[in-house]
Amino acid sequence: MDQGRHHSKDRRPHWRQVVASWRRRDDGQAFPVYIAAIAGLLFLAFVYFAVGQAAFTRNSAQTAADAAALAAAQDAREQLRDDWLDVILFPDQWDGILRGVGFDGPAACEQAEVFAGRNDAELSGDGCVPPASGGDGFRVTVLTTGQESRRATASARAVIESKCDFVPPDVPKPEESEPGPDPTEPGDEPEPEPEPEPITGLTCDDVAWTIDPDDPTLPSAVDLFTVRLAGDDE
């Protein structure tokens with residue numbers, strides 16, 4: 001009897017065998033979970049990469065569009081200053097320049113194309129559209145270069161705003177004078193023409209400027225006009 005009971009106890013699984021069996025069963029159940037978790041992480045990594053790449057491409061396109069629009073407006077600003085110098089002694093011709101009109105739009109748009117290329121983009125769609133009036137600004141649309149799947153389009157608008165105002169000084173009315181003397185006798189020297197007066201009334205950024213007819217100069221283009229990016233709601 002004792003041997004039988006002893007033999008029966010020996011047939012029971014040892015506790016270490018039971019634990020090992022549980023571990024094998026748990027390992028078999030956990031393996032598919034590990035595979036699913038790794039696949040999920042890889043998918044999330046791919047999504048984050050794709051989203052990040054798309055955002056980078058869009059930002060690159062917008063940077064190129066902003067740079068191109070600003071380059072066109074800045075070139076136009078330099079043109080306006082040059083045009084102003086040409087008529088600096090004729091204030092009655094300043095009005096259009098002060099309003100930021102009269103420059104060569106296509107020539108300014110050439111600079112937009114150059115700066116788009118420097119930022120790995122090219123003009124697209126309507127390309128560069130000069131302003132119909134001073135406040136409209138340059139509208140530029142670009143397309144990034146590179147692989148077809150990584151190209152993006154963006155647009156920007158840059159405006160030119162005058163920093164200056166011109167208020168002509170009041171011209172005094174001529175005083176009534178006595179009849180002049182007899183015409184100059186032959187041999188008499190004619191009276192010299194009066195010296196041109198300095199031109200006043202020009203104010204740029206609250207700074208008054210006086211134009212000396214003998215040495216006419218202007219502030220720099222940056223001091224005369226502001227160039228900035230503008231939103232579609234402006």
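The torsion about the S-S bond of Cys164 and Cys204 is about 110 degrees, so this disulfide is right-handed. The two sulfur atoms sit 2.0 Å apart. Cys164 lies in strand β4 (residues 164–166) and Cys204 in strand β5 (residues 199–204), so the bond ties together parts that are 40 residues apart in sequence. Cys164 has a relative accessibility of 6% and counts as buried. Cys204 is buried too, with a relative accessible area of 3%. The model is predicted, and these values are computed from it.

Now step back to the chain as a whole. It has five helices and seven strands. Read from the N terminus, the elements run α-α-α-α-β-β-β-β-β-β-α-β. The chain counts 234 residues, and 26% of them are buried. Its accessible surface comes to about 16800 Å². Carbon and sulfur atoms account for 53% of that surface.

How many disulfides does the chain hold? The count comes to two. A disulfide is a covalent bond between the sulfur atoms of two cysteines. Counted along the chain, the bonded cysteines pair in the pattern 1-2, 3-4. The other disulfide links Cys109 and Cys128, with their sulfur atoms 2.1 Å apart. The torsion about its S-S bond is about -70 degrees, so this disulfide is left-handed. Cys109 belongs to helix α4 (residues 105–118), while Cys128 belongs to strand β1 (residues 121–129), so the pair ties together parts that are 19 residues apart in sequence. Both Cys109 and Cys128 are buried.

What is its relative accessibility? The value is 14%, and Cys128 counts as buried because the limit for that word is under 20%. Leaving out residues up to four places away in sequence, Cys128 touches Ala72, Cys109, Ala112, Leu123, Phe138, Arg139 and Val140. Its C-alpha atom is also 8.0 Å from that of Glu113, a residue 15 places away along the chain.

Next come the aromatic rings. A pair of aromatic rings is described by the distance of the centres and the angle of the planes. The structure holds four such pairs. In one of them, the ring centres of Trp84 and Trp94 are 5.4 Å apart and the planes stand at 70 degrees, so the pair is edge-to-face. Trp84 is in helix α2 (residues 15–86), and Trp94 is in the loop between α2 and α3 (95–98). Ten residues separate Trp84 and Trp94, and their pairing links distant parts of the chain. Both Trp84 and Trp94 are buried. These two tryptophans form one aromatic cluster together with Phe166 and Phe225. Another ring has a charged partner. Arg118 lies over the face of Phe115, at 4.6 Å from the ring centre.

In soluble globular proteins, nonpolar side chains tend to be buried together. Here the largest nonpolar core has 40 residues. Which residues have the most contacts inside it? They are Trp84, Trp94, Phe138, Val142, Ile160 and Leu202. Helix α2 supplies the largest share of this core, ten residues.

Two backbone details close the tour. Most residues other than glycine have a negative phi, and most peptide bonds are trans. Asp120 has a positive phi, near 55 degrees. This residue is found in the loop between α4 and β1. Is Asp120 buried or exposed? It is exposed, with a relative accessible area of 52%. Asp206 also has a positive phi, of about 65 degrees, although it is not a glycine. Its place is in the loop between β5 and β6 (207–211). Asp206 is exposed as well, and its relative accessible area is 78%.

Terms used
Residues numbered from 1 in each chain as written. Predicted model: local features only at pLDDT ≥ 70, side-chain atom pairs only at ≥ 80, totals over all residues. Heavy atoms only, no water. Disulfide = S-S within 2.5 Å. Helix = DSSP H or I, 4+ residues; strand = E, 2+ residues; numbered from the N terminus. Buried < 20%, exposed > 50% of the residue type's maximum accessible area, 1.4 Å probe, protein only. Contact = heavy atoms within 4.5 Å. Areas by Shrake-Rupley, 256 points an atom, 1.4 Å probe, with all protein chains shown as cover. Phe/Tyr/Trp six-rings, centres within 6.5 Å; stacked < 30°, edge-to-face > 60°. Lys NZ or Arg CZ within 6 Å of the ring centre and 35° of its normal. Core = buried A, V, L, I, M, F, W, Y, C linked by side-chain atoms within 4.5 Å.
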